Amino acid sequence: MKKALSLILCAVLLLSLAAPAAAADGGCDCGFSPIIYVGPLGCTPIVRDAGAENEQTLWKIDTQFLLSNLKDVLPALTKALLTRNADLLGDAIAAFANASFGDLALDADGNSKANVTTPELSVPAGDRHGPDSDYYFNYDFRLDPFEHADRLHAFIAQVKALTGHDSVKLKCSSMGGVVLSAYLEKYGHDGIDVIICRCCPLWGTAVAGEAFCGKVELNATALTRYGEDAIPYLETGFADDFIEGALYALLDTLKGAGLIDALCALGDRILRDAGDRVFQQALIPIFGTLPGIWSFVPADYFEEAVRFMRLPAEGGLHDKVFAYRTAMANIADNLKAAKADGVKLCLICGYNVQRTPLVTLWQSTSDGTVDTKYASLGATCGNVKEPLDDAYLSAMADRTYLSPDQMIDAATCALPDCTWFVRDWLHCNANAGIDALFDLVMTSDEVSVRSFEAFPQFLAADEDADTVDPVTGAPDAFASLKDRPSFLNFIRFLFSIIKKAALAVFSRA
Ligand SMILES: [Zn+2]
């Protein structure tokens, strides 16, 4: 009896030991490897003096904190405005920026101050996985992307062990693509079966490039369109459609009356006069020390940015900023290598949304934040709201990858067969139609822009309906009104007619 009992005990012991080993060796047979969602900038709070009585969240931006800092500089600000003293104004804005963001700055080695931390960094827990469940990977956006890559490497191993799968899917949003770039450069694509890049600044974004070169300019047309493009995304609640339509009419009327131009001219003068002091006293000493923000600077701007932002010629910060340049330069090849080894890829980016009205390159088509040409790894694009120019179009031999609205030629992309474009899609905005495409990408054997009938290469986002539809031609205010008879679409149509009529009258005069 005793012998039998010990035999049973031994068997139980062996089985219990064998269980985790089996799990680690592809033990789950559900057929769906776990998703790891690599979040965007600001995916986790950055806190000063965490746990102490004077604890202060520095990011995500704490409005209360900003207002109290503003209150402190209000006397100086008022004096500067009353005396029209640009130097005083610059000093006041710089003082405000330093009080609000100064503690985010990293030291000469690119490390955070000891009392500024990210207390909510994610650690994988539980074994729940499947199409509707993901493991969230967050990070301190300020730091060296390779530090995140190291953490992601360990994170992936933990997720595999927890779920009993030997591969994972990476779904990256916005800055998540920077983490991915560093990861692929250092660790390759082993153990990854799907990569999704959603609005990722893989080759940077012009806003960062221009800001880091001190090229700041307010443009009235860009500002008006920026406001108009944002209107459908407003949550105004009561009388939503009416308020949206009225706002559109107001913005367009103000622009027509020259008021927005006047405002921009004033803003531009202030930027010119006070801007230098703000750059020297605040922007350079704070944001110039963040390798995470440096990772957004496109290659074309980098050399000038190094000079303008006074990046040290050596040391830890210098090395971290320069190390990422290799990851950015190689991302296209690293993705191609992954594809060649059977990794399913989906790069998806927005276009035709007016970008930040603060940069000289305001005509570069984008999702409002990331330029389409940089997120798509090399698409040739017309200016925002415009088709490619006639010379380009007539010289095209092959139109396979030309969008039906003639705004984008994807043939010049690094991965034209795995790159989707969504017209009027605001940066990283949730859209059920795009999520449905992701589901197909994650569950299909074949993934390309020709794989799914409902999701060809060029799609248009319908914010109200929460869908995407294939692009069939140029944007048309009348067709939009017919498809979706809302007040906002009526106002858009009305103003498009007024503009056409005004243009006809002026061109005749
Ligand atoms: Zn499973």
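**Group meeting: a zinc site, its strands and its rings**

Let me start with a contact between a charge and a ring: the charged end of K169 sits over the ring of F32, at 3.9 Å from its centre, where sitting over a ring requires NZ of Lys or CZ of Arg within 6 Å of the ring centre and within 35 degrees of the ring normal. What we have here is a predicted model, in which local features need pLDDT of at least 70 and side-chain atom pairs count only at pLDDT 80 or more, while totals for chains, interfaces and linings use all residues. Residues are numbered from 1 along each chain as its sequence is written, and side-chain values use heavy atoms, with hydrogens and water left out.

Now to the metal. Which residues coordinate the zinc ion? They are C28 and C30, each through SG, together with H129 and H165, each through NE2, at 2.0 to 2.2 Å; donors are N, O and S atoms within 2.8 Å of the metal (3.2 Å for Na, K and Ca), and since water is not among the atoms, sites may look incomplete. The angles subtended by the four donor atoms run from 98 to 115°, and therefore the arrangement is tetrahedral, a label that requires all angles of four donors to lie between 85 and 135 degrees. Along the chain the donors follow the spacing C-x1-C-x98-H-x35-H. Within this set, C30 in the loop between α1 (2-24) and β1 (35-38) and H165 in the loop between α4 (145-163) and β6 (168-173) are 135 residues apart, so to speak a link between distant parts of the chain; helices (H or I, at least four residues) and strands (E, at least two) are DSSP runs, numbered from the N terminus. C30 counts as partly exposed because its relative accessibility is 45%, whereas H165, at 8%, counts as buried; buried means under 20% relative accessible area, exposed over 50%, and partly exposed in between (1.4 Å probe, protein chains only).

Next, strand β1. In a regular strand the side chains alternate between the two faces of the sheet. Both faces of β1 are covered, with I35 and Y37 on one side and I36 and V38 on the other, all of them buried. β1 runs parallel to β6, joined by four bridges, and also pairs in the parallel sense with β5 (residues 134-137) over four bridges; two strands pair if DSSP finds at least two bridges between them. V38 stands opposite C172 in β6, and its bridge partner in β5 is F137.

Finally, the aromatic rings, of which the structure holds 13 pairs; rings of Phe, Tyr and Trp (its six-membered ring) pair if their centres lie within 6.5 Å, and planes under 30 degrees apart count as stacked, over 60 as edge-to-face and the rest as tilted. The pair of W59 and F141 is tilted, because the ring centres are 5.0 Å apart and the planes lie at 55°. W59 belongs to strand β3 (residues 56-59) and F141 to the loop between β5 and α4, 82 residues apart, and both residues are buried. For F302 and F322 the centres are 5.2 Å apart and the planes at 75°, so this pair is edge-to-face. F302 is buried, with a relative accessible area of 9%, whereas F322, at 34% relative accessibility, counts as partly exposed. R325 lies over the face of F302, at 4.1 Å from the ring centre.

Notes:
Tetrahedral: all angles 85-135°; square planar, octahedral: opposite > 155°, others 65-115°.
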